[in-house]
Amino acid sequence: MAHCVVPEAEAILDKEYSVLDKGFIRLVDYLGGDERVVQSARVSYGEGTKSYREDAGLIDYLLRHRHTSPFEQIALTFHIKMPIFVARQWIRHRTAKLNEISGRYSVMKDDFYVPAPGDVALQSTDNKQGRSEETLNGGAVEKVRSSLGEEQKHAYGEYTALIDQGIARELARINLPLSLYTELYWQIDLHNLFHFLELRLDVHAQKEIRLYAEVLLEITKKVAPRCCESFERHLFGGVSFSKEEFAELKRRLDGNSASGSGLSGKALERFEEKIRSGKQA
């Protein structure tokens, strides 16, 4: 099997998928698709040796048992525009190749992220990393959004004033805020992309990066739909249990409700949350 062409992926090459107020994701290139994973796993030559169902079953088996190397045969390259604070979370995933626009060479655009009214919230009282689900009244929300916009306008005005004075771009940029949009090319294989999505689609991830992850998954389904079905079934849609949690689950299934649980406190709460919501706690 030579070069793998996926018609659904070809149809969306360079198509811009909007994210947030000014961001986007574009698939600019891809290498391989579902068939490449199957071929790699079987180390076979030629198509049509197995049925669609058998191929889908093999992909499902590979993902379920964490046989990851065949998924590394697929690579996707994206052009992404995102706020810098999202990019700083993004590049914590060090299993991709990327190249980002440089403020040393280019004058940065006047593009800043301002959260939508429904995304302005107070700090959560029980999650040090996240925001509360409690909504603010409209006046308070608009005051926050206006304040953010004014600060961004001021910072960009100071930046352009330094540029106009001939100050080096690499110095003029240093006071620009994290809300500034940046752009990068990001290439990653499917195995590591699934790991990225598993973490960034999680409800505990910051909403802004979750929205990008949702679009990434939508695009990836065009390249490798059967692989994505298995990902949603076993990784994103599943939960894992620790040794102690599995013992507790087995105890309950065996009907040993009379004996006390081996879990307590936060450990028991996490276990109960997994059972209740089906989400990794």
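Reply: What follows is a conversation about the sheet, the helices and some single residues.

Me: What kind of model is this, and how are its residues numbered?

Reply: This is a predicted model, in which local features need pLDDT of at least 70 and side-chain atom pairs count only at pLDDT 80 or more, while totals for chains, interfaces and linings use all residues. Residues are numbered from 1 along each chain as its sequence is written, and side-chain values use heavy atoms, with hydrogens and water left out.

Me: How should I read a sheet, and in what order do the strands lie here?

Reply: Strands of a sheet pair through backbone hydrogen bonds, either parallel or antiparallel. Here 5 strands form an open sheet in the order β1-β2-β3-β7-β4, with antiparallel pairing; strands (E, at least two residues) and helices (H or I, at least four) are DSSP runs numbered from the N terminus, and two strands pair if DSSP finds at least two bridges between them.

Me: Which strands stand at the edges?

Reply: The edges are taken by β1 (16-19) and β4 (97-100), each of which has a single partner strand, so one side of each is left without a neighbour in the sheet. From one strand to the next, the twist averages 20 degrees, where angles run from 0 to 180 degrees between the N-to-C directions of axes, which are lines fitted to C-alpha atoms, for helices over the stretch in contact.

Me: How does β7 pair with β3 and with β4?

Reply: With β3, β7 pairs in the antiparallel sense over 9 bridges, and with β4 the strand β7 (residues 181-189) pairs in the antiparallel sense over 4 bridges. Tyr185 of β7 has His79 opposite it and also has Asn99 opposite it, while Trp186 of β7 is the bridge partner of Leu98.

Me: Is β7 mostly covered or mostly uncovered?

Reply: β7 is mostly covered, since 7 of its 9 residues are buried, where buried means under 20% relative accessible area, exposed means over 50%, and partly exposed lies in between (1.4 Å probe, protein chains only). Helix α7 (residues 190-200) lies across β3 (75-83) and β7, and runs at about 125 degrees to β7.

Me: How do I describe two packed helices, and what is the case for α2 and α9?

Reply: Two packed helices are described by the angle between their axes and the distance between the axes. The axes of helix α2 (residues 34-42) and helix α9 (residues 225-236) come within 7 Å and cross at roughly 80 degrees. That makes α2 roughly perpendicular to α9, on a scale where angles under 35 degrees count as roughly parallel, over 145 as roughly antiparallel, 65 to 115 as roughly perpendicular and the rest as oblique. Asp34, Glu35 and Val37 of α2 make the contact with Pro225, Arg226 and Cys227 of α9, contact meaning heavy atoms within 4.5 Å.

Me: Which residues of α2 are buried, and what follows α2?

Reply: In α2, the residues Asp34, Arg36, Val37, Val38 and Gln39 are buried. After α2 comes Val43, whose phi is positive, near 45 degrees.

Me: How do α10 and α11 cross?

Reply: The axes of helix α10 (residues 243-253) and helix α11 (residues 265-277) come within 11 Å and cross at roughly 60 degrees, and the two helices are therefore oblique to each other. On the α10 side, Glu245, Glu248, Leu249 and Arg252 meet Leu268, Phe271, Glu272, Lys274 and Ile275 in α11. By class, this contact of α10 with α11 has 4 nonpolar, no polar and 5 charged residues, where Ala, Val, Leu, Ile, Met, Phe, Trp, Tyr, Cys and Pro count as nonpolar, Asp, Glu, Lys and Arg as charged, and the others, Gly among them, as polar.

Me: Where do Asp14 and Arg66 lie?

Reply: Asp14 lies in the loop between α1 (7-10) and β1, and has a positive phi of about 70 degrees although it is not a glycine. Asp14 is partly exposed, with a relative accessible area of 48%. Arg66 lies in the loop between α3 (52-64) and β3, with a phi near 60 degrees, a positive value in a residue other than glycine. Arg66 is exposed, with a relative accessible area of 53%.
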